[in-house]
Amino acid sequence: MQPKAFIFDLDGVITDTAEYHYLAWKQIGEELGIEVDRELNERLKGVSRMESLERILAAAPRPLSLTAGEKEQWAAQKNAVYGHLIETIRPSDVLPGIEGLLKDIRNANMLLALGSASRNAKVVLERLGLTAAFDYIVDAGQIRFGKPHPETFVNAAEHFGIPCEACVGVEDSEAGIEAINGAGMFSVGIGSPESLRQAKYLVSDTSRLTLDGIMEAYRRDAV
């Protein structure tokens with residue numbers, strides 16, 4: 001028994017754009033009078049841009065009253081800063097072991113999708129030279145509910161016409177793992193046991209991620 005499709009997150013899984021997100025939100029925070037430190041940034045991983053902004057606003061020392069339009073403007077400004085920062089991304093920025101894993105999945109005749117909360121996912125994939133590696137890219141702009149809601153992963157499974165239980169999701173955030181599990185898929189986590197304890201298979205970093213290791217864990221879970 002083997003899965004029919006793999007659905008990958010982008011940030012922290014395919015490449016590490018997390019630092020760019022952090023620097024962009026930090027700049028926006030400074031303009032709003034809110035300190036965006038590393039601890040707050042951890043709570044922004046894997047969630048949508050608007051939800052990230054809401055979490056930053058909730059950390060304000062004094063309540064800020066922003067209209068929906070103003071929030072959209074701040075989110076757009078963050079995206080502009082982030083878009084400028086990611087212009088430096090190159091194929092050499094693909095995380096260790098990922099290119100080999102993608103090739104192994106392709107050679108095993110399984111489908112590949114990208115399920116990212118980022119609306120810049122296609123641009124990042126192009127800069128990494130990985131666009132052709134994926135059969136489908138979930139359009140974050142068409143997703144009503146961001147992670148930890150499972151919609152992103154369910155969207156990919158439905159596109160392929162594959163049952164969720166025949167899919168593997170790969171994530172590095174707690175919200176992402178929750179979304180995969182909520183979809184009824186096999187969850188692969190990259191990171192620490194403290195934050196990703198709900199992952200069904202966990203490795204500390206991408207260099208330890210192999211198709212053989214995932215398949216073995218998947219079969220054990222299916223028994």
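What relative accessibility does Phe8 have, and does that make this residue buried or exposed?

A: Phe8 counts as buried because its relative accessibility is 0%, where buried means under 20% relative accessible area, exposed over 50%, and partly exposed in between, using a 1.4 Å probe and protein chains only. Phe6 also counts as buried, again because the value is 0%. Before going further, please keep in mind that this is a predicted model, in which local features need pLDDT of at least 70 and side-chain atom pairs count only at pLDDT 80 or more, while totals for chains, interfaces and linings use all residues. Residues are numbered from 1 along each chain as its sequence is written, and side-chain values use heavy atoms, with hydrogens and water left out.

The structure holds 4 aromatic pairs, in which rings of Phe, Tyr and Trp (its six-membered ring) have centres within 6.5 Å, planes under 30 degrees apart being stacked, over 60 edge-to-face and the rest tilted. One of them joins Phe6 to Phe8, and this pair is stacked, with 6.2 Å from centre to centre and 25° between the planes. Another pair, formed by Tyr136 and Phe160, is edge-to-face, with 6.2 Å between the centres and 70° between the planes. This pair links distant parts of the chain, with Tyr136 in strand β3 (residues 136-137) and Phe160 in helix α7 (residues 151-160), 24 residues apart; helices (H or I, at least four residues) and strands (E, at least two) are DSSP runs, numbered from the N terminus. Tyr136 and Phe160 are both buried.

From the rings we can turn to a helix and its neighbours. In helix α5, which covers residues 98-107, Ile98, Leu101, Leu102 and Ile105 are buried. These four lie on the same side of α5, because they cover an arc of only 100° around the axis, an arc taken from the directions from the helix axis to the C-beta atoms. On the other side of α5, by contrast, Lys103 and Asn107 are exposed. The buried residues of α5 pack against β1 (5-8), β2 (111-114) and α9 (211-222), contact meaning heavy atoms within 4.5 Å.

After α5 comes Asn109, whose place is in the loop between α5 and β2. Asn109 counts as exposed, because its relative accessible area is 71%. Most residues other than glycine have a negative phi, and most peptide bonds are trans. A cis peptide bond, with omega of about 20°, joins Lys147 and Pro148, and Pro148 lies in the loop between β3 and α7.

One more loop deserves a look. Ser173 lies between β4 (167-171) and α8 (174-183), and this residue counts as buried because its relative accessible area is 4%. Leaving aside residues up to four places away in sequence, Ser173 touches Lys45, Gly46 and Leu196.
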